[in-house]
Amino acid sequence: MKAQPARASAAAAKLLAGPLTECVACIREGAAIPADMVSASFDRADEVGAGKDALNIFISTDREGATESAKQLTAHLGRAEPLGNLAGVPVALKDNIATLGMPTTCGSRILEGYVSPYEATVVRRLRANGAVIVGKTNMDEFAMGSSTENSAYGPTRNPVDIRRVPGGSSGGSAAAVAAGIVRLALGSETGGSVRQPASFCGVVGVKPTYGRVSRYGLVAFGSSLDQVGVLGRTVEDASIGMEVISGCDPLDSTSADVPVPRYELEKNAGLKGLVIGKPREYFPDGLDPRIAQECERALDAYRELGATVRDVSLPHTSYSIPVYYIIAPAEASSNLARFDGVRYGLRVLSERGLNGMYEETRARGFGPEVTRRVLLGTYVLSAGYYDAYYKKAQAVRTLIAQDFRDVFASGVDVLFTPTTPTPAFELGAVKDAYEMYLSDIFTASANLAGVPAMSVPIGDAAGLPIGGQIIAPHFGESVMFRAAFGLERALAGNFVPGEQDA
Amino acid sequence: MTAVTEREYEMVVGLEVHVQLKTRTKAFCSCSADFGAPPNTNVCPVCLALPGALPVLNHHAVELAVRAAIALECKVHETSVFARKNYFYPDLPKGYQISQYDKPLAEKGWLTIGELENKTPVRVGITRVHMEEDAGKSVHDRYNGVTAIDLNRAGVPLIEIVSEPDMRSSAEAGAYLRLIKQILSYAGVSDVSMEEGSLRVDANVSARLRGATKLGTKTEIKNVNSFSAVERALDSEFTRQVALLKSGGTVSQQTMLWDGARGETRPSRSKEESHDYRYFPEPDLPPLALDAEWIARVGREIPELPDARRKRLVDEYKITPPDAELLTSSAGFSEYFEAVARASLDPKGAVNWVMGEVSAAVNAAGVHLDEFAVRPADLAELLRMLRDDVVSHTAAKRIFARMVETGKPPVQVAAEEGLQKVDDDSALAGWIDEVLAENPSEAARYRAGETKLQGVLVGLVMKKSKGSADPKKVNQLLPERARGPS
């Protein structure tokens, strides 16, 4: 029998709870051992009840593999090439990112037990920088959902309040960071799937510019919208994670050959002279007053820091949800065609031959939300409907993108908005699909336009975290982080990210 | 009442030709595009459509596609767009084929396939040339009761060449196909082999009364595996349609399969025509943007095409137009000819040997010309040996046969086989004496003045010498040897 894994030292537990830079510095100096960081992470998971019967944060974990990579890192210490910016840092990955050695299920029955024979570019970059992958996090099936209730492996619960959802679709990653199991996790965005759960769980969530981060190995949902994003405890942690995964990749033809700046240099840049746009469409009359209030406080903080707040308009905002729910399902209906039972994943044989196998495999393999979107997407691409739906939606999409170009061309540096229309809701509370879709009402437009956006904790409503969203121009991550660092510092003490749990 | 006969109907044909581009790797990944590897060995996450994999366009494929489009007189667009063609099939790993739809690579080309009796050129319009990827292969007859899938071919780059419905007979369709094959082979775009599947044809055909301007309802014929099969299938399908129309029926738009064994077309069981492919722009690939300057350069670098080469061969080597026509029917043979003609300085001899011995030997061996054992330089050497009287014509043919078998140079073969001309008087005298001794009655009649026997006796000497005797010298020596020692 195997010996019970040693409990991590108190020092490692403390490092796991502290800033990334400290952890990395200690490991580089030899003051901490990567394997202890892995133990600390798994101990923390036990402590907070990350398992299936409680928070249900992970679809799979790999303590042995993580310990093994940690030991290899230790063996590397002292060699010529220095350890990377994430040396010894435990990291969790959303389960739609192809990973060696662990299943990649996308939260779906159809990929139960599927292990990718190759690894996503973002994972290779993480590993090359010394990150240790501890597990794959729960998610809405194929990233379709806003609550992580649509997982074939059961819902994830919000560590802040176990009766509530963590948001979605990257709910497992947001919960893993919020619960202090990892300092950093990767999620993915198609319409707000990193920012919305970040907001619900009180952590930082970043969606980069479309093309900033390679999609190679991210299981596609809406290819023209998808980006890998990071969830972190602090703006600095998130900025370090973003810097590691960003950059052009020859394996992704939509990745952009644009130099990646040092985002953490924005930490002390200050906000004097920065123009913050406040788009009126994101502050509607019916906005939850608690959210409106926290946003106003954040805007006041900006003014105090020397930034100017300017009222602006993005007139096509109201079309973003309808446009999103045409384009994303259309692309999804095609992207998910490969799950046909022929080469990998679930196969259900049928007496009705090939078509029977397709139908049975997909009917049993996909959950109701995925089925709904595949049908929706198939419909909008059909002969006779294409022009009325898909083509029209693409036309409106360009108008939405133009709104952003116009407002940034008018001298606005970044936009500030609420991330979500409500704080985290209770499990099972949102039953209507369309109502659930409205969770993305403030986030989907950034995906449609391809601009970077992030959610930063700005306060709470009776203990439930509230996030503020910062949106920047294409490849304007630096100014976005600058605005986020400033806001985080101004609000420190007001709300400490990640400190809300026991 | 006049009987409506088949002659009163006109055949209208449009062809869709799929051509595999001659690239080392596949269209969207770095897997080998070679034909004939063991099943599922040339595959990777991209062409297996593993979750998360993404396509990256092969630029050599683009260059070959552009070359083909320009060779077919098309206008190449500076921007074209890849699109997904969605349908489920086990050998289509992604559940969609990456193709081009409403913004193809190139449009509006044409080919002149011949001329009418009144010298009017017959021109066939080319609607479009677009890029796409091939599917894998379903193997139905290998395992009992199940279908196997081989994905080596999945993702191999293709172009589809769509013609206008400009052809009016199966012969015109055949001429169009042979010309396309010839041009693309010359342009170095493809191996254009129907046997290996690097050229595939779907034929659209309809019938209408002569003089009608509206097109009839067409059917699409698939499963044709040679140019002659295309011609036979078109004739058969046309006859079927005309019979239908004459009996007052209507043609229904459908896919027909050609059954070569029975010599007839029959409706495909698949409901292919009811497919809604749900095309939309491929979001994983940016629009294909080509620089006008680059397109022009690709055009300038196209190797010499058949028409130009025919004219040049006549001018440069002073061979006859029919010989030039024959030689240029294949890019390989005309290149081989030129190499032989240049090295031997004997274009006439080169024509005869290339179209005669070389062509026959290559066919008999069933190899590609570039794998053929006799290299042009060696054949040129043999022609020089013939011209310099080092070998006889008979011996040259024997030497050539050995060269085909061994790949050895002619001088070596001639030496090894003792096939160099023997003009040494004593050796020749010996052979002649033996022949005269072995054929006493012929010898006697010859001596008696029956001079027409000269040829027979010389032939016997040549035979005895295994072709190495110099026939001129044998002719000179025979009368004096027959007279006997003086």
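Q: What counts as a helix or a strand here?
A: Helices (H or I, at least four residues) and strands (E, at least two) are DSSP runs, numbered from the N terminus. Please keep in mind that this is a predicted model.

Q: Which strands of chain B does helix α10 of chain A lie across, and at what angle to β4(B) does it run?
A: Helix α10 of chain A, residues 320-335, lies across β4, β5 and β15 of chain B. Its direction makes an angle of about 65° with β4(B).

Q: In what order do those strands sit in their sheet?
A: Reading across the open sheet of chain B, you meet β5, then β4, then β15, with antiparallel pairing. β5 (96-100) and β15 (280-281) of chain B are at the edges; each has a single partner strand, so one side of each is left without a neighbour in the sheet.

Q: How many bridges join β4(B) to β5(B)?
A: Strand β4 of chain B, residues 82-86, is joined to β5(B) by five bridges, and the two run antiparallel.

Q: Let's turn to the interface. How many residues does each chain bring to the contact?
A: Chain A brings 38 residues and chain B brings 31. Between the two chains, about 2,700 Å² is buried, and carbon and sulfur atoms give 59% of that area. On the chain B side, P51(B), F88(B) and R278(B) supply 24% of the area that this chain buries against chain A, more than any other three residues.

Q: What polar links does the rule find across the interface?
A: There are 18 residue pairs in polar contact between chain B and chain A, both residues being at pLDDT 80 or more. R215(A) forms a salt bridge with D284(B), with 2.9 Å between the closest N and O atoms.

Q: Which residues does R373(A) touch?
A: Leaving aside residues up to four places away in sequence, R373(A) touches M144(A), G145(A), F221(A), Y325(A), P329(A) and Y437(A). The side chain of R373(A) also makes a polar contact of 2.8 Å with the side chain of E369(A).

How values were computed
Residues are numbered from 1 along each chain as its sequence is written. Chains are lettered from A and ligands numbered from 1 in the order in which they are written. This is a predicted model: local features need pLDDT of at least 70, side-chain atom pairs count only at pLDDT 80 or more; totals for chains, interfaces and linings use all residues. Side-chain values use heavy atoms; hydrogens and water are left out. Two strands pair if DSSP finds at least two bridges between them. Contact means heavy atoms within 4.5 Å. Axes are lines fitted to C-alpha atoms, for helices over the stretch in contact, and angles run from 0 to 180 degrees between N-to-C directions. A polar contact is a pair of N or O atoms within 3.5 Å; within protein, one must be able to donate a hydrogen and the other to accept it, and residues adjacent in sequence count only if both atoms are side-chain atoms. Buried area is the accessible area (1.4 Å probe) that two parts lose on being put together, summed over both. A salt bridge is a side-chain nitrogen of Lys or Arg within 4 Å of a carboxyl oxygen of Asp or Glu.
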